[in-house]
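Have the structure open as you read along.

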Amino acid sequence: EVYFKNLSKQKQKEVMEKNGNNHKLRVCVATCNRADYSKLAPIMFGIKAEPQFFELDVVVLGSHLIDDYGNTYRMIEQDDFDIHTRLHTIVRGEDEAAMVESVGLALVKLPDVLNRLKPDIMIVHGDRFDALALATSAALMNIRILHIEGGEVSGTIDDSIRHAITKLAHYHVCCTRSAEQHLIAMCEDHDRILLAGCPSYDKLLSAKNKDYMSIIRMWLGEDVKTRDYIVALQHPVTTDIKHSIKMFELTLDALISFNKRTLVLFPNVDAGSKEMVRVMRKKGIEHHPNFRAVKHVPFDQFIQLVAHAGCMIGNSSCGVREVGAFGTPVINLGTRQTGRETGENVLHVRDADTQDKILHALQLQFGKQYPCSKIYGDGNAVPRILKFLKSIDLKEPLQKKFCFPPVKDNISQDIDHILETQSALAVDLGGTNLRVAVVSMKGEIVKKYTQLNPKTYEDRLALILKMCVEAASEAVNVNCRILGVGISTGGRVNPREGIVLHSTKLIQEWSSVDLRTPISDALHLPVWVDNDGNCAALAERKFGHGKGIENFVTLITGTGIGGGIVHQHELIHGSSFCAAELGHIVVSLDGPECLCGSQGCIEAYASGIALQREAKKLHDDDLLLVEGMSMKEEEIVSAAHLIQAAKLGNTKAESILRTAGTALGLGVVNILHTVNPSLVILSGVLANHYVNAVKDVINRQALSSVKTVDVVVSNLADPALLGAASLVLDYTTRSIF
């Protein structure tokens, strides 16, 4: 609803005028099997809901119409869609020749249907042989084709079919940034590619709110509990049928040995499926007390089953795509999905050549719960696709244009209805304020929200979730796609698990806190967490002076003293995540007491708290104020007053700042002698006051071999938020995982 409220009515009107004032876009959706219908159904519902813009014709063919595969055309009728045409196109035999004959039969029958329907555009999904027949027929009959899920990479003949359909299609809807880049590399027209996400995710992300126990009991029995059963879905690999049948046999043996209730779905209609069914019957799966073997489960019920399963096993694309939205553990067997982008919930068993190997994978994965992954969608795919369809100008030439190399590395498309800005939700947990921002790939803070940081854990977590939900909703309005959540917080953090191990004294009730799980579950987004000093270093690496620098150190000079170390382009965390606690480098054995309990730390000399402490001492002795300064009676003495007094000639204030700068400089010298960076970046509100003092100490105290180090002041306005954002942007947009 939020998305549609913000659509430009004027733009829609212009497109309608281009296509003829009273002309509705006639869309033919052709579905071949239960899998592609789960992706096409949300689009069909969206088209049906806007009769002022679209006319929908539904064509059903392929395994939908075969009893052995569940007669799944019935679920289309149950969804209240009128089926215009049913085409029996499958030649039985379930071998390579039967697949070829099925394509030929479809090519013979489709022209008559398309001549009668005369659609403006045909929507084709995926990489099945039936879809290839659809795309070939439409292309030869000069019908525009919109291909869903092009540009992806997987195993078997599906890869070749998918890319063949891409070359026939006029418009492309892809699910991931990598898929989009693959389409561009395949010379497809940039302006005709929509990065929308997977349409099935529009249903998936609301699935857990429904009653699921009755569905689990219906398919697996009354005595089954959540997270205590397995869903198995394995298909033949058409390029190596014998091996895939052997692997299926080993899988069933492992499942029998594992002794957990298991729902086994029959394989698809590809070559080799008949032999796989024979293996099931040979092992008595249909009559085994631990197994339930079914030909088809309605999609709404299937997603409830996988959402609450202890594990999913097999080689279906559903396991590596949709199941990640729930964090359910997945065991991906063999090569059928090789090349697919996957979340951390997927364990790959590429060479599943022994029962023990598969059994060991089951023991590792069963019952775990992973963070929810949204690699393939964020729940807003259908609105984007409908908007894309409305933008199609039927008066444009039908002939495809290819964009041949060279291809730019980063294609910038200034077309708001085709591509949204890749962005992150950044959260900064400070001692006083809690801030959430939408940050773009270029480091622009698009939206920022600030609230006082609550004192209790419960209130703080509730406020984080509330602010993140509001920011994510607003991101749609400003045309931003949220890739994940990055959190910057004080204290010692385990970034691998997303847990705050120990907090600073400035943030109460913030030790041993798991931030990743509740936020990921609530927002259905991947979540990264790190220490605020490390985040500042990441911000410099991506957006600041550290960009392209192999070895550098960032020092934050604010309320406390923190920092981060980047060595060989990677952030150093240390064996117990305590690396780069730069504020607690000791520069004097008998110096002032630090908040950490030690004495003589840099933070005890140079932090904002330390300067405030010294300013209060001077004020109590009536030695702070000089001519040109005044303070209200109720005004709290701060470090700013000390700096102002020094600027106005207060010698005692000057001496304190000089000592603080010397302490910080000695700490930097220790860092130079330890990790030998080529650059030191001073960040925070006190950086400008310390930079010259630090350079002076380096010249006096450092070894000659490190004196050439550059010391600069950060030019980033908000390193904490930018660093939190870079946690997300660096991970989700890199090409190798």
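## Lys283 and Asp253

Lys283 has 23% relative accessibility and is therefore partly exposed (20% to 50% relative accessible area; under 20% is buried and over 50% exposed, with a 1.4 Å probe and protein chains only). Its side chain forms a salt bridge with Asp253, with the closest N and O atoms 2.8 Å apart; the term means a side-chain nitrogen of Lys or Arg within 4 Å of a carboxyl oxygen of Asp or Glu. This pair links distant parts of the chain: Asp253 sits in helix 11 (residues 241–258), and Lys283 in the loop between helix 12 (273–282) and strand 10 (291–294), 30 residues apart.

Helices (H or I, at least four residues) and strands (E, at least two) are DSSP runs, numbered from the N terminus. The model is predicted, so local features need pLDDT of at least 70 and side-chain atom pairs pLDDT 80 or more, while totals for chains, interfaces and linings use all residues. Residues are numbered from 1 along each chain as its sequence is written, and side-chain values use heavy atoms, leaving out hydrogens and water.

Glu322 counts as buried because its relative accessibility is 4%, and Lys39 is buried at 5%.

Helix 17 (residues 457–477) holds both Lys466 and Glu470, 4 residues apart, about one turn of the helix. Their side chains form a salt bridge at 2.9 Å, N to O. Lys466 is partly exposed at 47%, as is Glu470 at 36%.
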